[in-house]
Amino acid sequence: MLKLQAWLADYWVIGAGFMAASLIAAAPVVPLSLPVFLIFLHSPVYMVHQVEEHTGDRFRKFANEHVFGGRDALTVGSVLVINLPFVWGINLLALYAAFLWGPAWGLVAPYVMIVNALAHLVTSARLRKYNPGLVTSVILFLPLSVVTIWMIGWTAGLVPQLTGAVLAILLHLAIIAGVSARYRSLVATSPQGFNVSRRDA
């Protein structure tokens with residue numbers, strides 16, 4: 001498992017870039033209705049964001065240095081779990097749900113995107129500096145997520161809208177809770193012992 005984690009850590013961002021390019025290249029011939037097509041676009045757009053955010057492991061290093069006082073609260077293992085099964089998995093499930101049961105049931109994808117974008121903006125405002133992923137959050141996430149929610153929202157009804165929003169918020173709260181718990185553990189066991197460059201799970 002450690003060898004697989006190390007391999008993924010080295011190559012997953014490169015893979016995300018190639019997959020994003022492939023999905024975008026195929027997008028013009030994807031036979032989907034416009035609302036479902038917008039849900040489809042969330043996967044390649046999120047992958048473009050991941051390239052900006054995680055190239056050179058820079059988001060993890062930024063978060064550990066500027067948010068967690070230099071401690072390894074956000075680990076490589078956590079980054080992989082958050083971005084691969086969670087983000088990619090949720091976007092894929094949202095696409096299938098939108099395709100099978102109607103666009104409204106894919107609304108978790110734009111809500112995850114808009115919550116993530118707002119988190120980047122709040123972090124930037126709080127720290128008064130760029131954080132990895134900020135640019136694509138502003139120029140890609142906000143327009144796509146808002147347009148998708150607006151287009152589908154006219155006919156979606158309240159339940160799918162609330163379901164998508166609540167799931168997106170709960171996902172981000174779960175991530176924050178997990179990383180914060182590790183941070184508290186590090187502070188409690190070794191207040192002065194930290195290493196920003198560690199890559200353990």
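Arg 60 and Asp 72 are both buried, where buried means under 20% relative accessible area, exposed over 50%, and partly exposed in between, with a 1.4 Å probe and protein chains only. For Arg 60 the relative accessibility is 0%, and for Asp 72 the relative accessible area is 2%. This is a predicted model, in which local features need pLDDT of at least 70 and side-chain atom pairs count only at pLDDT 80 or more, while totals for chains, interfaces and linings use all residues. Residues are numbered from 1 along each chain as its sequence is written, and side-chain values use heavy atoms, leaving out hydrogens and water.

Let's see what these two side chains do. They meet in a salt bridge, 2.7 Å from N to O; the term stands for a side-chain nitrogen of Lys or Arg within 4 Å of a carboxyl oxygen of Asp or Glu. Arg 60 sits in helix 3 (residues 58-66) and Asp 72 in the loop between helix 3 and helix 4, so the pair ties together parts that are 12 residues apart in sequence. Helices here are DSSP runs of H or I with at least four residues, numbered from the N terminus.

Each partner has a further link. Arg 60 also forms a salt bridge with Asp 57, with 2.8 Å between the closest N and O atoms. Asp 72, in turn, meets Arg 182 at 3.7 Å, N to O. Because Asp 72 lies in the loop between helix 3 and helix 4 and Arg 182 in helix 7, this pair ties together parts that are 110 residues apart in sequence. Arg 182 counts as partly exposed, at 23% relative accessibility.

Now follow the chain to helix 4 (residues 76-101). Packed helices are described by the angle between their axes and the distance between the axes. Helix 4 and helix 5 (residues 108-127) pack at about 145 degrees, their axes 8 Å apart; axes are lines fitted to C-alpha atoms over the stretch in contact, and angles run from 0 to 180 degrees between N-to-C directions. Ile 90, Asn 91 and Ala 94 of helix 4 meet Val 108, Ala 109 and Val 112 of helix 5, contact meaning heavy atoms within 4.5 Å.

Finally, turn to the surface. Val 159, in helix 7 (residues 158-189), is exposed, with a relative accessible area of 54%.

Technical notes
Helices (H or I, at least four residues) and strands (E, at least two) are DSSP runs, numbered from the N terminus.
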